[in-house]
Structure formats: C-alpha cells, structure tokens
Amino acid sequence: MDDKSLKKAKNHLPWIGARFKEVRTITFLDGRQQEVVVFSSKSRVAQTTADRIIIVNELVLQNENLKDYVMVHESVHLKQFGQWFGKSWLGPATAIGLAALSYAFTLSGVVAFFVLVLVLLAWSWFLEFDASYQALKTLDMQTVQEARADRRALFQPCIFWRIVDAALHPPMCLTILIFRTLNRRT
Ligand SMILES: [Zn+2]
C-alpha cells in the first residue's frame, strides 16, 4: 500500500470513530492476498473506502467466521463500480438539500429532494445486497449465520450508527430470503 493511500485511509478513520492499528496482508478465500488497514473500534466492523482500501476492525480478524464473511463481502465491494457513490453523496446531498429547502421551500423542491435521497439509498442497497449475496454464495449458510451472531455479540453500535447502517444496507433477512428463493433445489 502506497503512502498516499495509507494516509487517506488514516484520515478516514476518525470519521467513523476508529483508531489506526496497522497495515496487514490477509489472504482471501480464493487465495488472493490483499493489504488491509486494521483499526480498533467498538462499533464499526469494516468498510471499503472511496479509494478502494479495505479497512477492517481488529476484532473481525480474530474471529474466523466473521473474518471470512467480512472479507468476502468487502472483496465484492472492491470490484463494484461506483462503490462509494451512494454513501459518500448521501450526507452532503441531504445537508445541501435541507439547507436549500429551508431557504426556498417548494413542493417540487421537496419531491426532488426525496427522489435524490431515495436514488442514493437505492444504489447503496443494491451494492450491499450484491456483496452479501455473493458472500452467501461463497460461504455456506451456517457460516454466515454464525458470523452474524458473532458480530452482534462483539459490536454494539450506538443509535446513530444503527440508523446509518439500517439506511445503507438492506435487511440481511431479506437478502437471505431472496438467496433461498433463487437457489432453491428442486
Ligand atoms: Zn458492505
């Protein structure tokens, strides 16, 4: 990982309340190796940044199920087009939209604002669905279920992050339901 990328990743960490630990090389299930930035945090699990750097909580790497699930999920994000688009623009778009509406409140302005927010959210849901769906395809259902249980036990995000996560990710039970329906053995 070059210095510029590392610096960007380090600058990103305070925004999610995380602290830099180290750069580590991890091996994906398909044998590929990848440098990741390891951080410590009580609430955040992992992310792929706008610069396509995987940042991951040290607790994840200590838990085999969680590590496999998170790494497959993030490796999908690494390949996605416009991976960061919805997430990075949602905050600024909401702030600018609300400021514009409070300045000049019009019905068409309200509609345009909600359409924009919905488009950004839908894009994020699509990418997150894809990443979780691929993880279900790569791993077995039991590993994924255990990873989810371990994640709930290890991380207790505050109400702010719960709302952000719920807004940006489709519910996992929905992804599992779609996966089961599409992969039903006849
Ligand atoms: Zn994701």
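Reader: Is Arg 52 buried, partly exposed or exposed?

Author: The model is a predicted one, and the answer rests on a count of neighbours. Around Arg 52 there are 13 other C-beta atoms within 10 Å. A residue is called exposed at 12 or fewer and buried at 20 or more. The count of 13 falls between these limits, so Arg 52 is partly exposed.

Reader: Where does Arg 52 lie, and what is its phi?

Author: Arg 52 belongs to the loop between β3 (46-48) and β4. Most residues other than glycine have a negative phi. Arg 52 is not a glycine, yet its phi is positive, at about 60°.

Reader: What is the strand order of the open sheet, and which strands form its edges?

Author: The open sheet has 4 strands with mixed pairing, in the order β1-β2-β4-β3. From one strand to the next the twist averages 25°. Pairing on one side only marks the edge strands, which are β1 (19-27) and β3.

Reader: In which sense, parallel or antiparallel, does β2 pair with β1 and with β4?

Author: Strands of a sheet pair through backbone hydrogen bonds, either parallel or antiparallel. Between β1 and β2 there are 8 bridges; Arg 19 stands opposite Ser 40, and Thr 27 has Gln 33 as its bridge partner. Between β2 and β4 there are 3 bridges, and Val 37 faces Ile 55 of β4. The pairing of β2 is antiparallel with β1 and parallel with β4.

Reader: Which residue in the hairpin of β1 and β2 takes a positive phi?

Author: This hairpin has 5 residues between the strands. A positive phi near 95° is found there at Gly 31.

Reader: Which element gives the most residues to the largest nonpolar core?

Author: The core has 26 residues, and those touching the most other members are Val 37, Ala 46, Ile 55, Val 56, Tyr 69 and Val 70. At least two residues each come from β2 (33-40), β4 (54-57), α3 (64-79), α5 (107-138) and α6 (141-154). With 6 residues, the greatest contribution is that of α3.

Reader: Which residues does Ala 46 contact, leaving aside its neighbours within four places in sequence?

Author: Ala 46 is among the core members that touch the most others. Its contacts beyond four places in sequence are Ile 54, Ile 55, Val 56, Asn 57, Val 60, Val 70 and Glu 74.

Reader: How is α3 placed against the sheet strands, and is it roughly parallel or roughly perpendicular to α6?

Author: Helix α3 lies across β1, β3 and β4, at about 15° to β3. Against α6 the angle is about 105°, with the axes 8 Å apart. Angles of 65 to 115 degrees count as roughly perpendicular. Therefore α3 and α6 are roughly perpendicular.

Reader: How do the residues of the contact of α3 with α6 divide into nonpolar, polar and charged?

Author: From α3 come Asn 65, Leu 66, Asp 68 and Tyr 69, and from α6 come Thr 143, Val 144, Glu 146, Ala 147, Asp 150 and Arg 151. They divide into 4 nonpolar, 2 polar and 4 charged.

Reader: Is Cys 173 buried or exposed?

Author: Cys 173 sits in helix α8 (residues 172-182). Its C-alpha atom is separated by 19 Å from that of Pro 157, 16 residues apart along the chain. The count for Cys 173 is 9 other C-beta atoms within 10 Å. With 12 or fewer as the limit, Cys 173 is therefore exposed.

Note on methods:
Residues are numbered from 1 along each chain as its sequence is written. This is a predicted model: local features need pLDDT of at least 70, side-chain atom pairs count only at pLDDT 80 or more; totals for chains, interfaces and linings use all residues. A nonpolar core is a set of buried Ala, Val, Leu, Ile, Met, Phe, Trp, Tyr and Cys residues joined through C-beta atoms within 7 Å. Two residues are in contact if their C-beta atoms, placed from the backbone, lie within 7 Å. Two strands pair if DSSP finds at least two bridges between them. Axes are lines fitted to C-alpha atoms, for helices over the stretch in contact, and angles run from 0 to 180 degrees between N-to-C directions. Angles under 35 degrees count as roughly parallel, over 145 as roughly antiparallel, 65 to 115 as roughly perpendicular and the rest as oblique. Ala, Val, Leu, Ile, Met, Phe, Trp, Tyr, Cys and Pro count as nonpolar, Asp, Glu, Lys and Arg as charged, and the others, Gly among them, as polar.
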